[in-house]
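Let's take a walk through this chain together, with the sequence and the 3D view open side by side.

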Amino acid sequence: MKTRFVLINTSHAGNVGAAARAMKVMGFDDLVLVAPRWPNVLRREETIQRASGALDVLEKARIVATLDEALDGMSHLCATAMTPRDFGPPTVEPRAHFEMLLKSERLALEQRALEGKSALENDDDAALDTSPASQAGVAFLFGSERFGMTNEDVYRCHVALSIPTNPRFGSLNLGAAIQVIAYDWRQALGGFAVQDATPPRVLADAAQVGGMLTHWEQALTAIGFLDPAAPKKLMPRLNQLFNRAQLSPEEIHILRGVAKAMIETAQAKR
């Protein structure tokens with residue numbers, strides 16, 4: 001689903017950069033600024049610094065004079081407002097609204113698919129449009145840092161999103177609010193897989209484990225811990241222990257180093 005973030009009358013250049021960064025980490029890049037304080041805000045040093053590498057979002061961003069221009073092509077408008085309005089769209093929590101919105105889109109898509117199938121079965125000359133309902137566009141609107149969104153801008157939206165916060169202190173920085181909305185929306189769309197911080201673990205093979213156990217058997221015998229004449233079940237138990245540990249080749253190397261040191265120490269004392 002097409003997604004656009006619209007910043008209205010933004011007064012701090014750094015917040016534009018923070019918005020670009022918040023959007024990029026969640027995979028969004030459609031940013032439109034409506035009459036910002038600085039005409040060159042996309043090129044200001046503070047903007048670029050706060051973007052922290054999201055320069056492609058800034059390069060693609062547009063500055064327009066009116067909200068009508070910013071909303072061109074968008075079909076579902078979400079205001080962001082901490083203070084509920086006496087008149088206007090319902091104020092809802094983002095996650096619940098996103099779930100409802102995407103459910104409605106799925107139902108619409110299914111209905112359009114059924115209509116398309118029916119048209120084909122009836123050999124209708126005029127092919128029905130079976131493009132996904134998700135071709136609709138969703139816009140998230142954010143007001144100025146000091147005053148938020150005006151009533152007029154909120155009234156034209158389908159819903160007012162309110163991020164659940166501490167009732168005694170609900171003040172969110174603009175960049176932080178955009179990050180929360182972007183995250184919740186991305187999660188609703190399916191999210192991203194968590195990236196492993198380390199390479200996938202490589203396990204030692206049976207031959208490496210067997211070689212290490214042989215080395216340990218020699219070491220334990222050398223220090224007198226294992227009696228070859230009456231080994232009992234010591235080595236099978238160690239085998240099971242090391243199997244449960246799922247050792248890596250590097251760990252096998254360490255354990256063989258320990259076994260080598262045990263043998264050398266035992267030989268030095270003789």
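The loop between β1 and α1 holds N9. The model you are looking at is a predicted one, and in it N9 has a positive phi of about 55 degrees, although N9 is not a glycine. That deserves a second look, since most residues other than glycine have a negative phi. N9 counts as partly exposed because its relative accessibility is 39%, between the 20% and 50% cut-offs. You will find K232 in the loop between α8 (206–222) and α9 (234–245). With a relative accessibility of 75%, over the 50% limit, K232 is therefore classed as exposed.

Now step back to the whole chain. It contains ten helices and seven strands. Its radius of gyration is 31 Å, well over the 18 Å that the globule rule gives for 270 residues, so the chain is more spread out than a compact globule. Along the principal axes, the C-alpha trace spans about 95 × 60 × 40 Å. Buried residues account for 38% of the 270 residues. Among the contacts with a separation of 6 or more, 83% link residues 24 or more positions apart.

For β5 the partner is β7 (residues 159–161), joined to β5 by two bridges, with the strands running parallel. Within that pairing, V92 has L161 of β7 as its bridge partner.

On one side, β4 pairs with β6 in the parallel sense over four bridges, and A79 has L141 of β6 as its bridge partner. β4 also pairs with β7, again in the parallel sense, over three bridges, and here T80 stands opposite L161. In a regular strand the side chains alternate between the two faces of the sheet. You can follow this along β4: H76, C78 and T80 point one way, L77 and A79 point the other way, and all are buried. The strand is thus mostly covered, with five of its five residues buried.

A polar atom of the T80 side chain lies 2.6 Å from the backbone oxygen of L141. Not counting residues up to four places away in sequence, T80 touches L141, F142, M149, L161 and I181.

G170 is partly exposed because its relative accessibility is 23%, between 20% and 50%. The C-alpha atoms of G170 and A20 are separated by 23 Å, and these residues are 150 apart along the chain.

Finally, turn to the nonpolar interior. In soluble globular proteins, nonpolar side chains tend to be buried together. Which residues touch the most other members of the largest nonpolar core? In this core of 35 residues, they are F5, F140, F142 and I178. At least two residues each come from β1, α1 (13–25), β2 (31–34), α3 (55–60), α5 (94–121), β6, β7 and α7. Take F5 as a guide: leaving aside neighbours within four places in sequence, F5 is in contact with M23, F28, D30, L31, V32, F140, F142, I178, I181 and A182. Apart from this core lies another, of 19 residues, including A204, M235, L238 and M262.

Definitions and conventions. Residues are numbered from 1 along each chain as its sequence is written. This is a predicted model: local features need pLDDT of at least 70, side-chain atom pairs count only at pLDDT 80 or more; totals for chains, interfaces and linings use all residues. Side-chain values use heavy atoms; hydrogens and water are left out. Two strands pair if DSSP finds at least two bridges between them. A polar contact is a pair of N or O atoms within 3.5 Å; within protein, one must be able to donate a hydrogen and the other to accept it, and residues adjacent in sequence count only if both atoms are side-chain atoms. Contact means heavy atoms within 4.5 Å. A nonpolar core is a set of buried Ala, Val, Leu, Ile, Met, Phe, Trp, Tyr and Cys residues joined through side-chain atoms within 4.5 Å. Buried means under 20% relative accessible area, exposed over 50%, partly exposed in between (1.4 Å probe, protein chains only). The radius of gyration is taken over C-alpha atoms; the globule rule is 2.2 Å times the number of residues to the power 0.38.
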